[in-house]
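Subject: Structure handover and findings

Hello,

Here is the structure for you to look at. My notes follow below it.

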Amino acid sequence: MADSVPYVQAYGNITKALERIRQAQTPPRFTQDFLETKLDMSGGSARPVIPFLKRTGFLGSDGTPTALYKRFRGTDAQSGAAAAEALRIGYAPLYQVNEYVHVAKDADIKKIIVQVTGQEDNSSVVKSAFGSFKALRAFANFDAVSAEEEAQEEEAALEPELGAAPTPPPVGAVGSLKLGYTINLNLPATSDIAVFDAIFKSLREHLLR
């Protein structure tokens, strides 16, 4: 399964392309013309760079730059984290064998590539896959991945929960809700004080306690 991992035979072009991607503006679509005119990479040995970028998540199937591509063009931390993610995407079969393959010794990486691809140790496929892996790994920063994830978690924690009810203020606090009521009386037309005394006595006993 030689095609189980992405590789470019002239893997130095991976380094060249990624360096120039960080400098050039993001195109609507990453085409052969963009590779040749904007990144100044022409010739048959440069063309496999586009399939490589698709296999590693930088480009969509139609050549549209992905969010990963745009993050790679960001700050140094974002770029390193994006390259680390691209490495995990493109070389997922290697990570299934060893989840820390990016810090493994060269000899161990080659053994894993041989195991995954089924190629001989001295084959051109193993050599190209190994060189392509290391070319992309040179841009990766796995420490930046953790820092970026922590920053996103902290940002999410600061955002109020959508639809959460506001906390009511404590009783007596400034701005707390206070209720009142008004009573309207229609008094009878009489000059008998005893009638009024009876009315107000009833109010005190039943409403104003």
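Is Lys-134 buried, partly exposed or exposed? Lys-134 is partly exposed, with a relative accessible area of 30%. Buried here means under 20% relative accessible area, exposed means over 50%, and partly exposed is in between (1.4 Å probe, protein chains only).

Some ground rules. This is a predicted model, in which local features need pLDDT of at least 70, side-chain atom pairs count only at pLDDT 80 or more, and totals for chains, interfaces and linings use all residues. Residues are numbered from 1 along each chain as its sequence is written, and side-chain values use heavy atoms, with hydrogens and water left out.

Overall fold

The chain has ten helices and zero strands. Its pattern along the sequence is α-α-α-α-α-α-α-α-α-α. Helices (H or I, at least four residues) and strands (E, at least two) are DSSP runs, numbered from the N terminus. The chain has 209 residues, and 33% of them count as buried. Take the contacts between residues at least 6 apart in sequence: 60% of them join residues at least 24 apart. Contact means heavy atoms within 4.5 Å.

Salt bridges

There are three salt bridges. The criterion is a side-chain nitrogen of Lys or Arg within 4 Å of a carboxyl oxygen of Asp or Glu.

- Lys-134 pairs with Asp-106, with the closest N and O atoms 3.1 Å apart. This links distant parts of the chain: Lys-134 is in helix 8 and Asp-106 in helix 7 (residues 106-117), 28 residues apart. Asp-106 is partly exposed, at 33% relative accessibility.
- Arg-22 pairs with Asp-76, with the closest N and O atoms 3.5 Å apart. Arg-22 is in the loop between helix 1 and helix 2, Asp-76 in helix 5, and 54 residues separate them. Arg-22 is partly exposed, at 29% relative accessible area. Asp-76 counts as exposed, at 60%.
- Glu-85 meets Arg-71 at 2.8 Å, N to O. Glu-85 lies in helix 5 and Arg-71 in helix 4, 14 residues apart. Both ends are partly exposed: Glu-85 has a relative accessible area of 34%, and Arg-71 has 26%.

Aromatic pairs

What holds for the rings? The structure has five aromatic pairs. Rings of Phe, Tyr and Trp (its six-membered ring) pair if their centres lie within 6.5 Å; planes under 30 degrees apart count as stacked, over 60 as edge-to-face and the rest as tilted.

One of the pairs is Phe-30 with Tyr-69, edge-to-face, at 6.3 Å centre to centre and 75° between the planes. Phe-30 lies in the loop between helix 1 (12-21) and helix 2 (32-37), and Tyr-69 in helix 4 (residues 67-72), so the pair ties together parts 39 residues apart in sequence. Both Phe-30 and Tyr-69 are buried.

Another is Tyr-91 with Phe-133, also edge-to-face. Here the centres are 5.1 Å apart, and the planes are at 90°. Tyr-91 sits in the loop between helix 5 (76-90) and helix 6 (92-97), and Phe-133 in helix 8 (residues 124-137), so this pair joins parts 42 residues apart in sequence. Tyr-91 and Phe-133 are both buried.

Ring pairs also link Phe-30, Phe-34 and Tyr-69 into a cluster.

Charges over rings

Arg-22 comes up again here. Its charged end sits over the ring of Phe-72, 6.0 Å from the centre. Lys-110 lies over the face of Phe-130, 4.9 Å from the ring centre. A charge sits over a ring if NZ of Lys or CZ of Arg is within 6 Å of the ring centre and within 35 degrees of the ring normal.

Arg-47

Arg-47 is in the loop between helix 2 and helix 3 (49-55). At 47% relative accessibility, Arg-47 is partly exposed. Neighbours within four places in sequence aside, Arg-47 is in contact with Gln-32 and Leu-35. Thr-31 is 16 residues from Arg-47 along the chain, and their C-alpha atoms are separated by 9.8 Å.

Best regards
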